[in-house]
Amino acid sequence: RLKSKWRRTNNWRGMILIDPVLKIEWSLLSPSNSTVSIPTWGQLMRAAILNFTADRANWGCQATSIGLYRFLSHILKPHGFTQISTVLFPHSHIKDVLQRRQFGDRLREIYSNKNPSMNDLKLLEKLCEDRFREHVETVKASDLIFFQGEGTMGPLKHYENCRVFGLPYLAKKLWKKPVISINQSFVTNSDIDLNAAKNIFNSFDLNVFRETKSLNMATSDGINRATLCPDFAFEKEKDLWIREAIGATPKYFCVTGSAGLQNYDLDGYARSIETLKSNTGLSPTCIFSRKSDAKIVQKLEERLGKGSVDVVTHDTARSHAEILPILEKAAFTLGGRYHTAISSLCMKTPVILTAGCSYKNKGLGGLIGMELPILQPEDTLGINNQAQHYLSNVSWTRSSLETGLHSILKAHTALAEFLDSNLAGFLEGKSVNPIALSNAPSGGGPLALSNIKMPKPPSAKHSRLRTQLSLKANIQQSLWTVQ
């Protein structure tokens, strides 16, 4: 399990705190040689990131969580923060199911109540102590809480247990901590879910959504103190944006799956990939860290022959960083994986997007400043035309991506400056107005698709719900005594 355990080392410089997982070093130097500012409120501070996902095998979870950690570390350290603790988003467990059965209705009422009773909050605290154990004390001991929502809020089950919203809601309502929701998509699937979501997010001090549609939906649904900042998977790779283009002509294109793969026409997707191979002379390389995406390889080998497709999986590339050179050398990346698309764009490799499990893919083009339509996987003509456009306009496409990435950097910088200047206000419990939307990325010019004749795609078949996870793990630990 990934935990942020801090090792103390005494030397002539003072005390060093090292996070062995994220390889980030913090120094508390002696007063005569100090570079750490002691804040006006007179103490060294601690922060916590909730719903942290860098322990996952999924490359996207690694990229976005580590990117957020690095972003926050640069902001918080000068203000006297000596530690950022991470509380993992727990893997599915039978306890989550039992919690819903026993307390689901009551928990939904608690999440929906602007002024929950002390008895209600103490019940939620008990449930969180059972589910998160020692990490409850980590949150209690922290001065500032960051809730990394990502795309986890869709399923209704999260409003009937404590797995996602329990700790941030307690942190605000019971422990009176400043809470900032960040790196967040906004998805609800019913009016009753929306009622709970509104109450939860309106209790937070700031809500930072990662794509325009989430922001627009949240604000139209009554979420306050909301603003926009692109996903922090962009932050993780920003040091690579200055790399020069690789001179060699690409020999392959990358293929990913989708969180909504269960709704794909896999035969149609394989046909589209086979057509790309034939028309471009490039070979497909399938990259995936989710085992479910292996179905694509099976379908391709049925058409192209056993062993005819290059495959990169989590077994051969354990770290997200290991797939970046593969993406960099590709002609383009095809698929519906949101964070793989972001990583590809960071490598200045264009993407052809297919459907995911929500609308976050749809907002990606607006963030990067390019027109990136969401194509059906069986839309062979549309996918082929998009690929041909990239191949015919390599220099222009790369230039547009560079412009878009610069806009992403500007948006991250604007949020960093806002947090830096308003940190004292959050810690002192003051109401802070969110960053102006004028600081959202403007992007480069839209991708010129006027020469592409795309057929009208069939109606969207992908669900808004995130694929449910298996509950087989640790089922023997299902006994539970919380009253």
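Arginine 133 sits in the loop that links helix H3 (118-132) to helix H4 (135-140). Helices here are DSSP runs of H or I with at least four residues, strands are runs of E with at least two, and both are numbered from the N terminus. This is a predicted model: local features need pLDDT of at least 70, side-chain atom pairs count only at pLDDT 80 or more, and totals for chains, interfaces and linings use all residues. Residues are numbered from 1 along each chain as its sequence is written, and side-chain values use heavy atoms, with hydrogens and water left out.

**The whole protein**

- The protein has 15 helices and 15 strands.
- It has 483 residues, and 58% of them count as buried. Buried means under 20% relative accessible area, exposed means over 50%, and partly exposed lies in between (1.4 Å probe, protein chains only).
- Its accessible surface is about 20400 Å², and carbon and sulfur atoms account for 50% of that. The areas come from the Shrake-Rupley method with a 1.4 Å probe; for residues, only the protein chains shown count as cover.
- Take the contacts between residues at least 6 apart in sequence: 74% of these join residues at least 24 apart. A contact means heavy atoms within 4.5 Å.

**The six-stranded sheet**

- Six strands make an open sheet with parallel pairing, in the order S5-S4-S6-S7-S8-S9. Two strands pair if DSSP finds at least two bridges between them.
- S5 and strand S9 (226-228) are the edge strands; each has a single partner strand, so one side of each has no neighbour in the sheet.
- From one strand to the next, the twist averages 20°. Axes are lines fitted to C-alpha atoms, for helices over the stretch in contact, and angles run from 0 to 180 degrees between N-to-C directions.

- Three bridges pair strand S8 (residues 206-209) with S9 in the parallel sense.
- Phenylalanine 209 has leucine 228 in S9 as its bridge partner.
- Helix H7 (residues 212-220) packs on the sheet and touches S8 and S9. The direction of H7 makes about 165° with that of S9.

- Eight of the eight residues of S5 are buried, so S5 is largely enclosed by the rest of the structure.
- Strand S4 (residues 45-52) runs parallel to S5, and seven bridges join them.
- Methionine 45 has phenylalanine 81 in S5 as its bridge partner.
- From S4 the chain passes through helix H1 (residues 59-76) to S5, a right-handed β-α-β crossover. Right-handed means that, with the strands pointing away from the viewer, the path from the first strand over the helix to the second runs clockwise.

**Histidine 91**

- Histidine 91 lies in the loop between strand S5 (81-88) and helix H2 (94-112).
- Histidine 91 counts as partly exposed because its relative accessibility is 48%.
- Leaving aside neighbours within four places in sequence, histidine 91 contacts Asp55, Arg56, Asp96, Arg131 and Arg163.
- Arginine 163 is 72 residues away along the chain, yet its C-alpha atom is separated from that of histidine 91 by 9.0 Å.

**Positive phi**

- Most residues other than glycine have a negative phi.
- Arginine 133 has a positive phi, near 50°.
- Asparagine 183 is not a glycine either, and its phi is positive at about 60°.
- Asparagine 183 lies in strand S7 (residues 179-184). With 0% relative accessibility, asparagine 183 counts as buried.
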